[in-house]
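Okay, thanks for coming, everyone. Let me put the structure up and then walk you through a few spots in it.

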Amino acid sequence: MEIPLYAGRIPNEVPGPDEEKIESSVDEARKTEMIRISKVRKPTLTVFLPAKDKANGTAVVICPGGGYGRLASGHEGYDVAKKFNEQGVAAFVLKYRLPDTKITSNPELAPLQDAQQALLLVRKRANEWNVNPERVGILGFSAGGHLASTAGTHLQKVTIPNKDNISLRPDFMMLIYPVISSDKEIAHMGSYYNLLGKEASEAKLKEYSNELQVTAQTPPTFLVHASDDNGVKSENSIRFYQALLRNSVPAELHIYQQGGHGFGLINRTTKDLWFERGINWLGANGFLKAPAP
């Protein structure tokens, strides 16, 4: 079920034609449909609810990657949501706006606005969706991991109307090969250029270098990366993990020897399943509760 993210006007919207583009192909190796969405004008949430007898009240907003230029909503979105449902977790795949002056008057804020609105909406409709509003997390892949980590570190930056003062803080974060740092030695500069523009100041780049924004209020975080990731270097996860430790934030980091970038749900170089490690971590930290008898 896909629903509009905003009931009324979309913040900072620049009027224009809807040119959203969806491309689909089948990845034979992964045995999955690859879906790529670009030029998002109307952000949405696609709702995946577990069977009522399995539901445990935990929810996660999923932010697909794509370098802030497109969204890999299949293997980094819908496939993962279905897997969460098997574990009794409600999942919400976010189709967020990408930075584009044709669509929004504030390109750098549009993705964060949509992530915050997703968290607000899930908590606002928690009873309807059988969700515990105190167990709502966020998961992101690659640039979606940057967006998720921005939602978890820029907690003072309220970018949307919130008259009911609903918490916009994720209760936990799961960051899978995330873009984190703007340090040019390890940064995925394509994501930063798309988000902030090629002329962004050093101060602006540091503002969105999220390992520098971690505080004691940053949510507990689970991180996954591969050592041979040449797209987004594993040091992005390592630096974020180190910042979490310095601030006494519960954290767990898994770095696989191989896997490259963009493997989604299954890293085919290992029999180990990061998703199972993630579920174990959620349980160990009290974010999973058994369904009522």
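This is a predicted model: local features need pLDDT of at least 70, side-chain atom pairs count only at pLDDT 80 or more; totals for chains, interfaces and linings use all residues.

Residues are numbered from 1 along each chain as its sequence is written, and side-chain values use heavy atoms, with hydrogens and water left out.

Strand 2, residues 21–27, runs antiparallel to strand 3, with 7 bridges joining them. If you want a landmark there, find Ser24: its bridge partner in strand 3 is Ile35. Strand 3 also pairs with strand 6, residues 71–72, again antiparallel, through 2 bridges. Over there, Ile37 stands opposite Leu71.

By buried I mean under 20% relative accessible area, while exposed is over 50% and partly exposed is in between, using a 1.4 Å probe and protein chains only.

Next up, helix 2, residues 110–124. This one is mostly covered too, with 14 of its 15 residues buried. We can check its length: the expected span is 1.5 Å times one less than the number of residues. For helix 2 that gives 21 Å, and the end C-alpha atoms are 21 Å apart, which agrees.

Now the charged pairs. A salt bridge here is a side-chain nitrogen of Lys or Arg within 4 Å of a carboxyl oxygen of Asp or Glu. By that rule we get 15 salt bridges.

Stay with helix 2 for a second, since one of the partners sits there. Arg97 pairs with Asp114, and their closest N and O atoms are 2.8 Å apart. Arg97 is in the loop between strand 7 and helix 2, and Asp114 is in helix 2, so the pair ties together parts 17 residues apart in sequence. Both residues are buried.

Then there's Lys95 with Glu2, at 3.3 Å between the closest N and O atoms. Lys95 is buried at 11% relative accessible area, whereas Glu2 is partly exposed at 45%.

Arg41 and Glu13 make another one, at 3.8 Å. Arg41 is in the loop between strand 3 and strand 4, Glu13 is in the loop between strand 1 and strand 2, and they're 28 residues apart. Arg41 is buried at 5%, and Glu13 is partly exposed at 28%. There's a network as well, linking Glu108, Lys157, Lys204 and Glu207 through salt bridges.

Last stop, Asn210. Where does it sit? In the loop between helix 5 (202–207) and strand 10 (221–226). Asn210 has 0% relative accessibility, so it counts as buried. Its contacts, meaning heavy atoms within 4.5 Å, include His146, Ser149, Thr150 and Phe240, leaving aside residues up to four places away in sequence. A polar atom of the Asn210 side chain lies 3.4 Å from the backbone oxygen of His146.

Technical notes:
Two strands pair if DSSP finds at least two bridges between them. Helices (H or I, at least four residues) and strands (E, at least two) are DSSP runs, numbered from the N terminus. A polar contact is a pair of N or O atoms within 3.5 Å; within protein, one must be able to donate a hydrogen and the other to accept it, and residues adjacent in sequence count only if both atoms are side-chain atoms.
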